[in-house]
Amino acid sequence: LLRALSAARPPAELGALLWNLSQAPEGREALLERSGSVVRRMLALVRWPEAEMRRGVVGALRNCCFQHEIHEWLLGPEIDALPFLLLPLAGPEELPEEEMEQLPVDLQYLPAEHQREEEPGTRKMLLETLMLVLIGDEPEAGMENLLE
């Protein structure tokens with residue numbers, strides 16, 4: 001499975017398999033191993049051209065984010081998941097310079113041809129993942145984090 005995930009062109013069915021695997025605690029543990037290589041590869045596949053793969057990977061990431069203890073690790077410099085989760089939701093709209101500079105570097109000055117994730121279900125799961133990782137298990141402090 002991990003070899004298939006690292007392949008130059010992983011099979012489209014791998015996304016659904018990862019999504020299903022992430023439903024079990026043991027599966028999430030394997031996907032979230034501390035070297036971070038698996039989760040980094042999954043984050044890279046969030047922008048994969050095939051919708052089936054993107055949907056499965058985003059579903060797996062969302063399921064992994066139900067484990068609140070990994071949120072700091074995901075958002076920290078080792079993994080830096082936030083730009084990967086936000087990029088598919090970003091559009092090509094022009095923003096004022098001061099707003100643009102507050103965005104992560106990967107989200108600044110996107111080309112005009114950049115498109116948002118087309119599939120509504122995948123967009124919804126991306127938003128749910130962001131809510132989970134930013135709010136965590138402390139709603140009051142998490143809401144401040146979300147607003148920031």
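Predicted model: local features only at pLDDT ≥ 70, side-chain atom pairs only at ≥ 80, totals over all residues.
Biologist: Which span does UniProt annotate with a domain feature?

Modeller: An unreviewed UniProt entry places the feature "domain: Protein HGH1 N-terminal" at residues 14-123. UniProt positions are given in the numbering used here, feature names are shortened, and annotations may be inferred rather than shown by experiment. Residues 14-123 are 52% helix and 0% strand, and the end C-alpha atoms of the span lie 19 Å apart. Helices (H or I, at least four residues) and strands (E, at least two) are DSSP runs, numbered from the N terminus.

Biologist: How are two packed helices described?

Modeller: Two packed helices are described by the angle between their axes and the distance between the axes. Axes are lines fitted to C-alpha atoms, for helices over the stretch in contact, and angles run from 0 to 180 degrees between N-to-C directions. Here, helix 2 (residues 13-21) and helix 5 (residues 51-64) have axes that come within 7 Å and cross at roughly 15°. Helix 2 and helix 5 are therefore roughly parallel to each other; angles under 35 degrees count as roughly parallel, over 145 as roughly antiparallel, 65 to 115 as roughly perpendicular and the rest as oblique.

Biologist: What is the handedness of the crossing of helix 2 and helix 5, and which residues make the contact?

Modeller: A crossing is left-handed if the near helix is turned anticlockwise from the far one by less than a right angle, and right-handed if clockwise. Helix 2 passes helix 5 in a left-handed crossing. Contact means heavy atoms within 4.5 Å. Among the contact residues are Gly 15, Leu 18 and Trp 19 of helix 2, and Met 53, Val 57 and Ala 60 of helix 5. By class, this contact of helix 2 with helix 5 has seven nonpolar, four polar and four charged residues. Ala, Val, Leu, Ile, Met, Phe, Trp, Tyr, Cys and Pro count as nonpolar, Asp, Glu, Lys and Arg as charged, and the others, Gly among them, as polar.

Biologist: How does helix 5 pack with helix 9?

Modeller: Helix 5 and helix 9 (residues 120-135) have axes 9 Å apart, at an angle of about 20°. Helix 5 is therefore roughly parallel to helix 9. Their crossing is left-handed. The contact includes Arg 55, Val 58 and Leu 61 of helix 5 and Met 125, Leu 126 and Leu 132 of helix 9. It divides into five nonpolar, three polar and four charged residues.

Biologist: At what angle does helix 4 pack with helix 5?

Modeller: Helix 4 (residues 37-44) and helix 5 pack at about 135°, with their axes 9 Å apart. That makes helix 4 oblique to helix 5. The crossing of helix 4 and helix 5 is left-handed. Val 39, Met 42 and Leu 43 of helix 4 meet Val 57, Ala 60 and Leu 61 of helix 5. The contact has six nonpolar, no polar and no charged residues.

Biologist: Is Val 57 buried or exposed?

Modeller: Buried means under 20% relative accessible area, exposed over 50%, partly exposed in between (1.4 Å probe, protein chains only). Val 57, in helix 5, is buried, with a relative accessible area of 0%. Beyond residues up to four places away in sequence, Val 57 touches Gly 15, Leu 18, Met 42, Leu 45 and Val 46.

Leu 130, in helix 9, is also buried, at 7% relative accessibility.

Glu 113 lies in the loop between helix 8 (97-102) and helix 9. Glu 113 is exposed, with a relative accessible area of 60%.

Biologist: Which residues other than glycine have a positive phi?

Modeller: Most residues other than glycine have a negative phi. Asp 80 has a positive phi near 50°. Asp 80 sits in the loop between helix 6 (71-75) and helix 7 (82-86) and is partly exposed at 35% relative accessibility. Tyr 109 has a positive phi of about 50°. Tyr 109 is placed in the loop between helix 8 and helix 9 and is partly exposed at 49% relative accessibility.

Key. Residues numbered from 1 in each chain as written. Heavy atoms only, no water.
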